[in-house]
Amino acid sequence: MEFDDIKEHIKKKTYLFSEHADDERTKDKLTVSQIEEAILSGKVIEERLTDPRGESRLVAGKVAAKSLHVVIGIRDEKPVIVTVYIPDKKLWGRGIIRKR
């Protein structure tokens with residue numbers, strides 16, 4: 001599934017949200033709307049299209065001046081938000097480049 005297709009599912013609210021993502025969202029005090037905003041305004045910074053567990057993308061976006069990462073997989077031909085987190089500045093430069 002292309003990222004533009006994923007964004008259409010987000011706009012139409014025809015996507016899935018994992019229990020783990022909901023736990024992380026709650027822990028980081030993020031709303032579902034903020035996560036949707038980060039996806040819609042964000043960009044794909046990593047793709048794993050041939051992963052044995054299924055294709056996934058890491059999306060970097062910003063909400064309320066905070067960087068946000070969202071991992072999106074595909075299940076039953078729908079995007080599923082697998083996890084969401086605020087990237088650690090020690091590990092991610094500007095929230096989009098993984099530091100070595």
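1. Basis. This is a predicted model, in which local features need pLDDT of at least 70 and side-chain atom pairs count only at pLDDT 80 or more, while totals for chains, interfaces and linings use all residues. Residues are numbered from 1 along each chain as its sequence is written, and side-chain values use heavy atoms, with hydrogens and water left out.

2. Sheet order. The sheet is open, with 5 strands in the order S1-S5-S4-S3-S2 and mixed pairing. Strand S1 (16–17) and S2 are the edge strands; each has a single partner strand, so one side of each lacks a neighbour in the sheet. Strands (E, at least two residues) and helices (H or I, at least four) are DSSP runs, numbered from the N terminus. Two strands pair if DSSP finds at least two bridges between them.

3. S1 with S5. These strands pair in the parallel sense, over 2 bridges. Phe17 stands opposite Ile81 in S5.

4. S3 with S4. The pairing is antiparallel, over 8 bridges. Leu68 in S4 is the bridge partner of Gly61. The hairpin of S3 and S4 has 2 residues between the strands, and Ala64 takes a positive phi near 45 degrees there.

5. S4 with S5. Strand S5 covers residues 78–85; S4 and S5 run antiparallel and are joined by 7 bridges. Ile74 has Pro79 in S5 as its bridge partner. This hairpin also has 2 residues between its strands, and Asp76 takes a positive phi near 50 degrees.

6. Buried means under 20% relative accessible area (1.4 Å probe, protein chains only).

7. Helices across the sheet. Helix H1 (residues 3–12) lies across S2, S3, S4 and S5, at about 60 degrees to S3. Helix H3 (residues 32–41) lies across S1, S2, S3, S4 and S5, at about 110 degrees to S3. Axes are lines fitted to C-alpha atoms, for helices over the stretch in contact, with angles from 0 to 180 degrees between N-to-C directions. Contact means heavy atoms within 4.5 Å.

8. Asp51. Where does Asp51 sit? Its place is the loop between strand S2 (43–48) and strand S3 (56–63). Asp51 counts as buried because its relative accessibility is 18%. A polar atom of the Asp51 side chain lies 2.7 Å from the backbone nitrogen of Arg53.

Technical notes. Buried means under 20% relative accessible area, exposed over 50%, partly exposed in between (1.4 Å probe, protein chains only). A polar contact is a pair of N or O atoms within 3.5 Å; within protein, one must be able to donate a hydrogen and the other to accept it, and residues adjacent in sequence count only if both atoms are side-chain atoms.
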